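Here is a short briefing on one protein chain. Look at the structure first, then read the points below.

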Amino acid sequence: MGIIHLIVYLSTAAVAVLSVLQAGQQILPWIAGIAVYVLAAVLMAVSCVCLYQDLRNNVINKIIISIKKNPLGERFLDDHAFRTILTTLPTFLINVAYTIYNGVIGIMNQSVWFITMAVYYSLLGIMRYRAVSTGRKISRLEDKELIRKKELSVIKTDGILLLVLNLALSGVVLLTIAQDTAKRYSEIMVISIAAYTFYKIIMAVVNMIKVRKTKSPILITIRNIGTADALVSLLTLQATMLASFQNESSLDRNQMNAITGLAVCILIAILGISMIRYAFVQEKES
């Protein structure tokens, strides 16, 4: 660990303590407090990068060498397609847990929004599982033509399902705006939703970068499902925050939800259409 990293860690700790004091005691003016929060976020991000570098140099490289001694471990590290399919299973389990979470919240609070989101996430989870299951099955096949046919079938079907789900999502957004069905929730609940939403967004961006150059329909399908998942979570987070902190905000809640909802629906529609188009183009070329 270099002196620069040490300074970053100490500065992060100091600013974090100051931000906690500011949040609890309001020891600084409002503008200065905002500056402290922003600085704390920036230093936290820089600290994470420094910590990763330190761990990679001292620990992770040794772990990677040990894993590569095993044939399965070497394939996991070197084969991006195999790694994506394998690591999607925990994501699917989290998806199931989040679906149940939304369903319970929706039933307890009689919220049409959260109940519909639970249904939406469950169907996304089924689509994700179908893609992963097909990926595992075709990994054992040797007939390249059959493999390609199954892959294109998955991306085409999931693209169509994504468009159908998007129509349902559009209806829910309109219903929420027309009937003002969004309700207020506790800060802990909002924070938990925000944390998982940011995790999904980060993973969606990472997968988008990694899969950009690949020509695997299975990986493209998994990436697009993850992106749609993150977009819907972002819309849910906004609706929840605007409803929960409406007394502290001068924003027009319905207008914001309408704008974001429209943008999310358009982006998901583009994802679904691109998947269907990709399948037809590849089938025509074959």
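What percentage of the 286 residues of the chain count as buried? The figure is 39%, where buried means under 20% relative accessible area, exposed over 50%, and partly exposed in between (1.4 Å probe, protein chains only). This is a predicted model: local features need pLDDT of at least 70, side-chain atom pairs count only at pLDDT 80 or more, and totals for chains, interfaces and linings use all residues. Residues are numbered from 1 along each chain as its sequence is written, and side-chain values use heavy atoms, with hydrogens and water left out.

**Fold**
- The chain has 9 helices and 0 strands, taken as DSSP runs (helices H or I, at least four residues; strands E, at least two) numbered from the N terminus.
- Along the sequence the pattern reads α-α-α-α-α-α-α-α-α.

**Helix H1**
- Helix H1 covers residues 3-25, and its 23 residues should span 33 Å at 1.5 Å a residue; the expected span is 1.5 Å times one less than the number of residues.
- The end C-alpha atoms of H1 are 33 Å apart, which agrees.
- His 5, Val 8, Thr 12, Val 15, Ser 19 and Gln 22 are the buried residues of H1.
- Gln 26 follows H1 and has a positive phi, near 55°.

**Salt bridges**
- The count is 2 salt bridges, each a side-chain nitrogen of Lys or Arg within 4 Å of a carboxyl oxygen of Asp or Glu.
- Glu 283 and Lys 156 pair through their side chains at 3.1 Å, N to O.
- Glu 283 lies in helix H9 (residues 253-285) and Lys 156 in helix H6, so this pair ties together parts 127 residues apart in sequence.
- Glu 283 is partly exposed at 34% relative accessible area, and Lys 156 is partly exposed at 22%.
- Glu 151 pairs with Arg 148, with the closest N and O atoms 3.8 Å apart.
- Both Glu 151 and Arg 148 sit in helix H6, 3 residues apart, about one turn of the helix.
- Glu 151 is buried at 11% relative accessible area, whereas Arg 148 is partly exposed at 24%.

**Positive patch**
- Arg 136, Lys 137, Arg 140, Lys 149 and Lys 150 form a patch of positive charge on the surface.
- Helix H5 (112-138) and helix H6 (144-179) are the elements that each give two or more residues to this patch.
- Arg 136 is placed in helix H5.
- Patch residues have over 30% relative accessible area and no salt bridge, with like charges joined within 9 Å.

Note on methods: Patches are made of residues with over 30% relative accessible area and no salt bridge: like charges are joined within 9 Å, nonpolar side chains (Val, Leu, Ile, Met, Phe, Trp, Tyr) within 5 Å. Accessible areas come from the Shrake-Rupley method with a 1.4 Å probe; for residues, only the protein chains shown count as cover. Lys and Arg count as positive and Asp and Glu as negative; His and the chain ends are not counted. The place of a charge is taken as NZ of Lys, CZ of Arg, CG of Asp or CD of Glu.
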